[in-house]
Amino acid sequence: MGLFAAQRIRQFFDTRFQQFVSRQIPPGHSITLDRHVIFIFPSRAGLCFALLLLVMLVAAINYQNNMAFALVFFLSSLFIVTILHTFANLSGLSFQALGAGPAFLGDSVPFELLISRQGSKSYFDINIYWPESEAQLVTLMAQEQQRVKLHLAAPRRGLFKPGRLKIETFYPLGLLRAWTWIELDWAAVIYPQPLACEYSAQSVSASDSGESIPVPGAEDFFQFRQYQAGDTPKHLFWKGYAKGGELQSKQFVSYRQHSSWLDWEHVDGSVEVRLQKLCYQVLELEKSGRDYGLTLPAVSIAPDHGERHLQRTLTALAEFNGGGAP
Amino acid sequence: VPSAWNIPRNALAWILIAQVALIAPHIERLPLWVLAVYGLCALWRIMVFQGRWAFPPKIVKVLLSMACFVGIYQSYGSLIGMEPTVALLFSGFSLKLLELVSRRDGYLVIFLAYFVALTEFLFNQDFAMVVLVFATVMLVTTALVALHQQGYQRFDWISLRKTAVLFAQAVPLMVVLFIIFPRFEPLWQVPMPSHQASTGIGESLSPGDISDLAQSGELAFRAQFEGPPPARGKLYWRGLVLSAFDGRTWRQGKLRKDFLSAQARREVLQSLQEPIRYSVVQEASHQPWLFTLALAHSDDSHTLAVDDFRLVRDGDIHSRIKVDVISDLSATIELELESKIRRRETMLPTTGNPQARAYAENVYRQSTDDRAFVDAVMMNYFQQEFVYTLKPPLLGEHSIDDFLFNTRRGFCGHYASSFVFLMRAVGIPARVVTGYQGGEVNPINGTVLVHQFDAHAWVEVWLAGSGWVRFDPTGMVSPWRIEQGLERALREEGSFLEESPLSPLRFRDIAWLNNVRLQMDAYSYYWSSWVLQYKGRRQLDVMKALLGEISAFRVSLFIVGVGALVMTLVAVVSLAGRGQPRSSAEVQLYLGLCRRLGAAGYGRRTQEGALAFARRISATGARWGPLLLAVSEVVNRLSYESLSSEQRAVLLKQLRRDVFTLSLQLRLRQQ
């Protein structure tokens, strides 16, 4: 019961604090740290240090030793002065979102940001992390700015906005921790995780479209061509040569279908599984170089291929929201 | 949450340097093997860092820790006390190096180092030592800084420079705290340095004791008189009174000596007709004796008076202390002698030294009274061919006989001892007093410096109607000793500080060297009396002078005032160049103007350019429309055109004027 109450109280304060932080440090594309957003408090090491000072003070009193007093007072003043130095090690740093994602669900999502400073002062050991990510350590000495890449596991499909990013430092003495949470406006698109499956793409046949595009292949005979060095002996038109004609080689081609349509209705499974299967096929089709289009309940993307088309298609899959609403 | 952590290269280097600096002042009181263990652990840790060795297995660490405990117990005979504690701290220090894996371990080693730095002061608070320890603390702190330069890791001046800045900024607050923090009485009894040999006058006097001491040029104590110090020949610093003789050695005696009651101490104070005020700054002797001029009184709460009228401390003196004393050199001491004390001061062994006894009885028979007898015995030392020497021959079974009638070569102890024997042989109360005689006046601050070689033994004889009277038979043999000091008395023999050839006291003839020595001593005296002894009345005086009156309000005002001043300065220095980006002057002026326009109801839309905004306002027919257009054009030119600095200055001036005019028009309109 008591534990439960404690949890409730803690939760209450956590929520209140988060609200306070949100008001105090509004999200932005670029955020510069100053005294309004930096929090500072003794670290665990700092609390131990305070305890040590207390023990040393008792020793100084018991031994009536003025130099021991001096040492205790000196270390205490050092502690106090360090507050400003720890604070200064965050103050004036600017954080700018450079890019986020995309990534497939289950992979880690890259977030890139730029850290820069206003003046020429050095900054040491700035830790940048989300609670669920690995920390990146930044030191700015000679260089004015530094790009930092952080990785987060993507929790779900769609547009992913990470929580507040923690910026923290213990420099110079580790006795105090200065920290802040910043929210940059960035979002990563999380594609469905591809799931291997059979093709369901419906080809639009060559005859239908009235055109065929020859690509080098080995299926159908296409035409004769004058022999060129390097043509395989297998394809040489020996008969003609024997009849006294010129040496010619036979050319074979495959006919690429003009385009394929991927359709929501032609894959089976739950919503997520369908999306995963479609994702797999999109990737495979893009690899094969053919044009492909996508039909989802509310979205239709005309056939095309290339990097931008791929992204458009995958984003449509990522942002698919159940199919009910348009 | 920092992940896998490895100690930064520079942090490890600074930790090792700081540890070596910490060990240095403790070397004399640490067993050699503790140093060896440290060396081994340091080497091992370096090898681990370089990837050549692995961390030792747990069993090795456990065995090493146990070996250290046993070793310390063996070396000191105990685990309690200051020296064993220091040795334990150092062992922990060394062994922790072998476990220095996480950042937390780093903190532990460094915090331990701060504590070890404090222990150095418990043994020595000289100025040089204080400088050394604070320099060491700087190294320790540098290690702490380096521990947080994970992304830098270079072993160079950057870490040290950061520490130096922090140190400089921490000093003012430390001084304030030092001045105002009340010096409480000890909260509980703590172990004192127990394994240090006591120095100075010992508890007993055997032939040859004091001549050993005479080889030492160490400072025993200083005395600072309020007026000019008395003549050198009058400076008999009484330390111990020895009343029991066993045929060879004088001791304080088995008969209990009582401390004077508060009543008796008040009487002593009242009997001081011509008081001389002075303070004695006693060096650590690890004994309780204080050295004062007869007859002495002190108000100090830790000072006791013994019934033979000397002052002692209530515990052994392990660090320099200062005691304020009042003395009267001409006061009579104990006119009435209690029978118990008379018995104590006339006791002799029943047998031994027959020649001396016969001689004393013979002279006593020829003397008219006690006083005449004393004078006759004194004259005997003058008339016979006695020699004052640091190198007396060994004495036989009847030591007094052997000395008086055979060798006749001796140091002060021999003369005092034989003299008291002769007195007691005829029943006159007499006793040996040991302490120091003379001292060197430092012309720079008038302090009297008393060194170990000033150690001396003399005699007090009780005479009816005069009380205890001081006699110094050594003076009959070597008047130089009393008037000029030991160096002059031993000039012919050349044995002064023979065993310390480099002691600066041997070079007092060389003026500049002597001057340096005395100057250093004067500093040392100010250091100990103003800084080390800063407490009690002295602290109150300083605080009164500083604050006018001592009240909680003024004290807190003082702390907060100085604290705020220091923190503001530190903030200005350390936050310079670490603020928000500042926009250029023209943008600031323009944005200010926009704010005022907004307040007057002419808000600029988001994403609206300066010129577009101005045209929109002009179109409404506002009076200041044209001026706003002009301002916007100037702002645009300043922002986007490349201008020479003269052009910029002219345009800025124009902009300032226009913005001012426009703001004025706005304000007038509002009213």
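Visitor: Where is Gln153(B) found?
Guide: Gln153(B) sits in the loop between helix 6 and helix 7 of chain B; helices (H or I, at least four residues) and strands (E, at least two) are DSSP runs, numbered from the N terminus. This is a predicted model, in which local features need pLDDT of at least 70 and side-chain atom pairs count only at pLDDT 80 or more, while totals for chains, interfaces and linings use all residues. Residues are numbered from 1 along each chain as its sequence is written, chains are lettered from A and ligands numbered from 1 in the order in which they are written, and side-chain values use heavy atoms, with hydrogens and water left out.

Visitor: What is the phi of Gln153(B)?
Guide: Its phi is positive, about 65 degrees, although Gln153(B) is not a glycine. Most residues other than glycine have a negative phi, and most peptide bonds are trans.

Visitor: Which peptide bond is cis in chain B, then?
Guide: The bond from Ala294(B) to Leu295(B) is cis, with omega near -10 degrees. Leu295(B) is placed in the loop between strand 6 (292-293) and strand 7 (296-297) of chain B. In chain A, a cis peptide bond joins Tyr171(A) and Pro172(A), with omega about 5 degrees. Pro172(A) belongs to the loop between strand 10 (165-169) and strand 11 (176-182) of chain A.

Visitor: New topic: how many residues of chain B are in contact with chain A?
Guide: There are 65 residues of chain B in contact with 58 residues of chain A, where contact means heavy atoms within 4.5 Å. The two chains bury about 5,700 Å² between them, 71% of it on carbon and sulfur atoms. Buried area is the accessible area (1.4 Å probe) that two parts lose on being put together, summed over both.

Visitor: Which helix gives the largest share of the side of chain B that touches chain A?
Guide: Helix 7 of chain B does, with 12 residues. By class, that side of chain B has 46 nonpolar, 13 polar and 6 charged residues. Here Ala, Val, Leu, Ile, Met, Phe, Trp, Tyr, Cys and Pro count as nonpolar, Asp, Glu, Lys and Arg as charged, and the others, Gly among them, as polar.

Visitor: Let us move to chain A. Where does Phe104(A) lie?
Guide: Phe104(A) lies in strand 4 (residues 103-104) of chain A. Leaving aside neighbours within four places in sequence, Phe104(A) is in contact with residues including Tyr191(A), Cys279(A) and Leu314(A). The C-alpha atoms of Phe104(A) and Cys279(A) are separated by 9.7 Å, although these residues are 175 residues apart along the chain.
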